[in-house]
Amino acid sequence: MVKAVVLGAAGGIGQPLSLLLKINPLVSELGLFDIVNTPGVAADLSHISTPSKTAGALPPNDGLKATLKGAQVVVIPAGVPRKPGMTRDDLFKINAGIVRDLAIAIATTCPKAFVLVISNPVNSTVPIVAEILKKHGVFDPKRLFGVTTLDVVRASTFVAETLGDQKLAPKVTVPVVGGHSGVTILPLLSQSQPPLPAGFADDKRDELVKRIQFGGDEVVKAKDGAGSATLSMAYAGERFADLIIRAIGGEKGIVAPSYVNLAADKDGGEGLKKAIGKELEYFSARVEIGPEGVEKILPLGNLSTYEEGLLKAALPELETNIAKGVEFIQTAKL
Ligand code: APR
């Protein structure tokens, strides 16, 4: 049983995510923090007849610290969502500052907590949290995760659609590696289980890859200015948080996709680095997780020539995204 905390709990992702965590039987205490509305959200959830105690706090009177006290799992969907007309840079500037401040509170209040970052751009916000934890001397790469589960969820759904059978969606597995935006998202369709039909046309494969990489845009467009994915993200976020919570509880064999610092692997992620062919600090891959955090970053498996090309195309952007997050903290006066 763990204490889980959601930072940004009153938002489009935060509320459904908090609901799903409230009905997770392995959560004994649920702490909700936001700059608005958390007492209401917490009061509402507290009427649900599950074992976890629920409390909501706002910034005054050290609400953030009180919420984080004793937390073992902290999920961060705080920030602003991407809206039409907003550049990635606009989004970065706002969310980077929000994530930085929340990370400082984590570093000083619950430095051993598992931190699960949803706030975008994840490729950069995860390095921001890491740099803050490093500044406070409490960084453990085994316990910091960028939540990339939605990419995997979308891949399963879209592959099942391609196979013409929605009922397959929960069973389809496709490793999705790399990063968590656009071309940095690398769906390894050649490893799909069940596989795509023999002779699946290259243009159809390209379309499917693009749809997985830019699936978020479909939602932004359909919401017509009202924000980005919230319900599917909350589902994916809870699915990942549940794996973390079960790993903390000692369940063996937990493997989850995640964007992690490669130093989290006891061999320094050497196998993966070799496959990437470049010195990168962060990468999303399938990761084995135990009670103390990351135990192993799994190798990518055999890539097709096409996928090697995708990987090569993704690396410069991923590298820039990582550097942006690191520089945001290293050049800031804190
Ligand atoms: N501390 C805590 N919560 C904050 C802070 C802060 N400093 N600043 C903003 N928030 C809260 C907002 O009050 C809001 O309730 O974060 C919540 C964000 O909710 P939405 O605006 O509805 O955004 P959402 O769609 O949930 O997306 C949040 O997740 O996937 C990413 O790109 C997305 O970065 C965005 C984030």
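Predicted model: local features only at pLDDT ≥ 70, side-chain atom pairs only at ≥ 80, totals over all residues.
Start with the big picture. The chain splits into two parts, with domain 1 covering residues 2-146 and domain 2 covering residues 147-334. Between them, domain 1 and domain 2 bury an area of about 4000 Å², and carbon and sulfur atoms supply 68% of that. Looking at the domain 1 side, the residues that lose the most area to domain 2 are Arg82, Asn123 and Lys142, which together make up 16% of what that side buries. Charged pairs turn up here too: three salt bridges are found across the interface of domain 1 and domain 2.

Next comes a pair of helices. Two packed helices are described by the angle between their axes and the distance between the axes. For helix α4 (residues 88-109) and helix α5 (residues 122-135), the axes come within 9 Å of each other and cross at roughly 35 degrees. The crossing of α4 past α5 is right-handed. On the α4 side, the contact is built from Phe92, Ala96, Val99, Arg100, Ala103, Ile104 and Ala107, while α5 brings in Ser124, Thr125, Ile128, Val129, Ile132 and Leu133. Sorted by class, the contact of α4 with α5 comes out as 10 nonpolar residues, two polar ones and one charged one.

Back to charges for a moment. Side chains of opposite charge can pair when their charged atoms come close. The structure as a whole holds 15 salt bridges. One of them links Glu29 with Lys3, at 3.9 Å from N to O. Glu29 is in strand β2 and Lys3 is in strand β1 (residues 2-7), so this pair ties together parts that are 26 residues apart in sequence. Another salt bridge brings together the side chains of Glu292 and Arg143, with an N to O distance of 2.7 Å.

The bond between Asn120 and Pro121 is cis, with omega at about -5 degrees. Pro121 belongs to the loop between β5 (114-117) and α5, the helix whose axis crosses that of α4. A cis bond also joins Gln193 and Pro194, and here omega is about -10 degrees. Pro194 is found in the loop between β8 (185-187) and α7 (202-213).

Positive phi values deserve a look too. Asn37 is not a glycine, yet its phi is positive, at about 65 degrees. This residue sits in the loop between β2 (27-33) and α2 (38-46). Leaving aside residues up to four places away in sequence, Asn37 touches Ala10 and Leu58. From Asn37 to Leu298 the separation is 261 residues in sequence and 40 Å in space, C-alpha to C-alpha. Asp224, also a residue other than glycine, has a positive phi near 50 degrees.

Definitions and conventions. Residues numbered from 1 in each chain as written. Heavy atoms only, no water. Axes fitted to C-alpha atoms, helices over the stretch in contact; angles between N-to-C directions. Helix = DSSP H or I, 4+ residues; strand = E, 2+ residues; numbered from the N terminus. Left-handed = near helix turned anticlockwise from the far one by under 90°. Contact = heavy atoms within 4.5 Å. Nonpolar A, V, L, I, M, F, W, Y, C, P; charged D, E, K, R; others polar. Domains from an automatic or database assignment. Buried area = accessible area lost by both parts, 1.4 Å probe. Salt bridge = Lys/Arg side-chain N within 4 Å of Asp/Glu carboxyl O.
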